[in-house]
Amino acid sequence: MKNSLIITLILVFAILFSNTSPGVYGENFKKNKSDVILSKYIGKDAKEIYKIKTNESKEALLKEFKEIEESINLDRDMTVLIPFAVALMEKKDSFTNDEILSIIKDEDVGPGLESTLIQMYNRKNGNKNELKKLLKDNKIDINTKKLIIGTNSFSAKELKNFFKENDNVLAISAIKKLMVNDLELNSEIVKEVLLSSQKVTDEKLIASYIGIGEYYNKKKSDNVKNIIVEKMKNEFKRNKNEMVKDNIIYSLAKMNDLNILKYIINSKDIDKELKVSAIERNLVLLIETIQNDISEENLDFVLDVMQLHPIIDINNDLKKLTTNYQFSNNKKLLDTISYIEKNGIKGVFKYE
Amino acid sequence: MESRGYSNMNKKIKMLNICLTLILVASLSMNYNGIEASASTDWSGYAIYRDGVLGNLNDHAGLMDEPDISYYKPVIHAPGIGNGVIWDSWDNFLNGNNYIGIYRPKNATMTSTLQDSFVSKARELKNAGLSYNILDQIVYDAGSDTWVRPEHISHIRCDGVVEYVYEWYGYRVGGPDDEWDITRNLTANYWEHSGFFITPRKQH
């Protein structure tokens, strides 16, 4: 009987543990504080909470936002803040711009509230020079600084300075803004980085690849393009940072260049996901190659590309080739047309 | 008498143990089913959701980067402030909460080619140096371009990953008839993907 009772106890514990992983126990322990704060909202969805919060004073809402943000795992639970952020934004007219800046500068404010208040300040047409000062403030979260650069109309010269002054992710934010506002100045400063032998941070490299890809996507080749492309290929072999490597391929793929696309597709060191991105970005180039620059070699390449990632929009032009005497008996062509019909997806023509 | 009572008690305990064993087996199989049933299909490119962003107030969204959860870092998602869009483990995605399910765009036939497209586009988001945003699904500046490409985006919310990837390929996730495409560079489309017009929970 004693043995039977021991087995009973073991089974009871086994059932209890089978439904709760050790991870859940850990999380329950960690979540106690936020659970207490949020317990009054159990059973309510985001919209209901938002409605409750809109009836509260801005002071009460700010206090609660801070409490929740302090209690949650910022890396994992941010969506809980959505109704509080929306309700706070609705109260933007009750804040003065100086008041918003003062709260942002408060050391007790977390990155979630900081970024919400930056967006509030923007919507109230705040002074961007005041926000510019925050970029130099060490207490301000880096994500908030990115938001300041990403959502304000700084001049091209200011963006150039942000790029030059920052070796971290802010350099990426600066180039993303500059490339859509002043393509030439963007190319000037990223070429300086890419043609120099001076070592720079990976973030600055990524920013430069984003900027140069955009430039050669919209502008024709110039006398340094080949030098830069070769340097990028060498960096791809040398650099161990996956994000740098991937951005090299995205940048090269943007250059509307058949030879570069051939390099990407034929490289054994570039994985399929990156090749798919490159193919989709070059769909128009592939169609134009069939229409205007077809040769045995180019056709063979286009067919290889379509075997890798079939897109139905290319099939009309491939079918036209079957009436061309030169290619009418090309088995690979006929097989690929059939393969595309069975497996192809509709192309996306959103690359300008 | 005592001996018979002892024997009866022993029989009852043994019966109880048999019942408990059956409950344990059923319990284990229930835990197993939720994952195993779908693990036999290729999850690449499917949207995934889990509940319980504390007190179950909202859900969390991600996209599968690999065919099933046994792969190393099979999830691509924007978990929170400390990270942008990252590859992550299944356990980190769940973060101790409950898995809800896998989803695909309603009108999409999930061929391996389309799955490759979804996964590749999500990886572009991962590499775009993005930060987390609470208010809007995506924050971007695409200048005068018609479409919003990953390199235009600066901030993203977890449901923005799913919304952006599917809508890039023309599969509507949320938003009204005329402004559903988050990749269209228009103010109206931006606002329709802001606040809780769309949230992780509303997506599925």
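**Exercises on a two-chain model**

Of the 204 residues in chain B, 50% count as buried (20 or more other C-beta atoms within 10 Å of a residue's own, C-beta atoms being placed from the backbone). This is a predicted model, where local features need pLDDT of at least 70, side-chain atom pairs count only at pLDDT 80 or more, and totals for chains, interfaces and linings use all residues. Residues are numbered from 1 along each chain as its sequence is written, and chains are lettered from A and ligands numbered from 1 in the order in which they are written.

**Exercise 1.** Work out how helices α20 (residues 296-308) and α22 (residues 331-343) of chain A pack.

*Solution.*
- Start with the geometry: the angle is about 30 degrees and the axes lie 10 Å apart.
- That makes α20(A) roughly parallel to α22(A), a label for angles under 35 degrees.
- Next, find the contact (C-beta atoms, placed from the backbone, within 7 Å): α20(A) brings A:L299, A:L303, A:M306 and A:Q307, while α22(A) brings A:K332, A:L333, A:T336, A:Y339 and A:I340.
- Finally, sort these residues: 6 are nonpolar, 2 polar and 1 charged.

**Exercise 2.** Find how strand β8 (residues 153-156) of chain B is joined to β6 (residues 131-132) and paired with β7 (residues 138-140).

*Solution.*
- Take β6(B) to begin: 2 bridges join this strand to β8(B), and the two run parallel. Pairing requires at least two DSSP bridges.
- Here B:Y132 stands opposite B:I156 of β8(B).
- Now turn to β7(B), which pairs with β8(B) in the antiparallel sense over 3 bridges.
- On this side, B:V139 has B:H155 of β8(B) as its bridge partner.

Definitions and conventions. Axes are lines fitted to C-alpha atoms, for helices over the stretch in contact, and angles run from 0 to 180 degrees between N-to-C directions. Helices (H or I, at least four residues) and strands (E, at least two) are DSSP runs, numbered from the N terminus. Angles under 35 degrees count as roughly parallel, over 145 as roughly antiparallel, 65 to 115 as roughly perpendicular and the rest as oblique. Two residues are in contact if their C-beta atoms, placed from the backbone, lie within 7 Å. Ala, Val, Leu, Ile, Met, Phe, Trp, Tyr, Cys and Pro count as nonpolar, Asp, Glu, Lys and Arg as charged, and the others, Gly among them, as polar. A residue is buried if 20 or more other C-beta atoms lie within 10 Å of its own, exposed if 12 or fewer, and partly exposed in between; C-beta atoms are placed from the backbone.
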